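Open the model in your viewer and keep the selection tool handy.

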Amino acid sequence: MKSPTMKLRAAALLAVSGLAACSGSGPQQFLSLGTAGTGGIYYPLGGAIAARLSVMDTLRQYTAEVSGGSVENVNRLRERQIDLAFATGNTVYEAATGGLDYEQAVADLRILAPLYPNMTHIVVSRGTTAASLGELAGGTVSVGAAGSGTEQMSRQILEAYGLTYDDVTVRYLSFNESATALKDGALDAAIISVGYPAAAVLEATTTGGARLLPMGAEQIDYLRERYPYYVHGEIPAGSYPGTDAAVPTAGIMNWVVGMADIPADVVQNVVRLLSDDRAELAQVHEMVEQISMTALRDAPIALHGVTQAWVDGNLDGGGER
């Protein structure tokens with residue numbers, strides 16, 4: 001398994017190669033891809049995808065941007081401040097339907113391609129004896145960075161255990177900040193929605209003695225009955241120190257999203273990259289191997305027209321390619 005540092009370095013090398021390949025090809029447009037903080041998977045994977053798209057598309061240069069995460073990304077898409085974004089299924093659904101933090105639906109938001117599934121990591125500090133999130137009333141809990149899909153989900157995760165933000169001391173921390181606070185004993189728990197293995201969770205469990213709590217089937221069923229974007233999931237045994245057995249938890253898909261009027265050839269390249277050309281992306285993070293285009297059949301909102309045509313021709317017309 002590559003270390004987080006090696007993975008980030010690989011992403012940087014891919015980005016450099018993308019710049020080199022596109023140099024001298026004449027005037028270019030510059031497109032940005034919203035990711036998240038540097039402690040998760042969005043940022044290194046986004047850098048690799050931006051680099052590959054820059055190689056595939058000689059008319060444009062793509063750049064991955066650090067951001068606060070899914071909610072910020074969708075808001076910036078709506079304001080036309082970025083062109084592409086990664087977002088969790090809950091944020092995508094709530095934005096398109098005008099729920100939660102969205103007073104008005106982002107009606108033109110579209111799914112371009114699937115990413116990997118996120119798993120809810122409930123990470124508790126070394127000194128915390130709780131066996132369930134429900135035992136942490138009165139504790140200090142990181143719910144994710146403000147403007148992130150994790151923060152949206154944290155409210156729902158706590159709800160499934162009969163808790164609200166009023167029952168805990170809330171901290172709005174990024175993944176890296178959460179890992180540091182767990183190691184320092186400044187948190188009782190952090191809720192982190194991310195693919196596995198995540199650099200921040202590895203840091204907290206490896207050097208900080210933190211551990212993961214399982215989610216109960218009752219709580220996962222509660223979420224699935226109320227919110228259409230949750231699935232039963234698990235963090236495999238051995239993903240982190242101390243996880244000798246698989247950890248059951250709630251999962252949620254990640255998506256590549258954009259607005260309905262994004263150029264068709266941009267969408268075509270995104271779809272082609274994630275359906276047929278993932279080998280270099282897998283060098284950055286093994287979660288790439290969990291990308292399945294069949295997830296498009298269960299997309300929580302409308303697909304972009306180009307993506308829908310791909311589904312019609314490749315999934316509904318003869319199996320996944």
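Is Arg126 buried or exposed? Keep in mind as you look that this is a predicted model. Select Arg126: with a relative accessible area of 57%, this residue is exposed, since the cut-off for that word is over 50%. You will find Arg126 in the loop between strand 4 (109–124) and strand 5 (140–142).

Now show what surrounds Arg126. Leaving aside residues up to four places away in sequence, Arg126 touches Lys183, Gly208, Gly209 and Ala210. Pick the C-alpha atoms of Arg126 and Lys183: they sit 7.7 Å apart in space, although 57 residues separate the two in sequence.

Next, select helix 6 (residues 175–184) and colour Phe175, Ser178, Ala179, Ala181 and Leu182, which are buried. These residues lie on the same side of helix 6, because they cover an arc of only 170° around the axis.

Tyr42 belongs to helix 2 (residues 42–56) and Phe86 to strand 3 (residues 84–88), so the pair ties together parts 44 residues apart in sequence. Both Tyr42 and Phe86 are buried. Finish with Tyr93, Tyr227, Tyr229 and Tyr230, which form one aromatic cluster.

Terms used
Residues are numbered from 1 along each chain as its sequence is written. This is a predicted model: local features need pLDDT of at least 70, side-chain atom pairs count only at pLDDT 80 or more; totals for chains, interfaces and linings use all residues. Side-chain values use heavy atoms; hydrogens and water are left out. Helices (H or I, at least four residues) and strands (E, at least two) are DSSP runs, numbered from the N terminus. Buried means under 20% relative accessible area, exposed over 50%, partly exposed in between (1.4 Å probe, protein chains only). Rings of Phe, Tyr and Trp (its six-membered ring) pair if their centres lie within 6.5 Å; planes under 30 degrees apart count as stacked, over 60 as edge-to-face and the rest as tilted. Contact means heavy atoms within 4.5 Å. The arc is that of the directions from the helix axis to the C-beta atoms.
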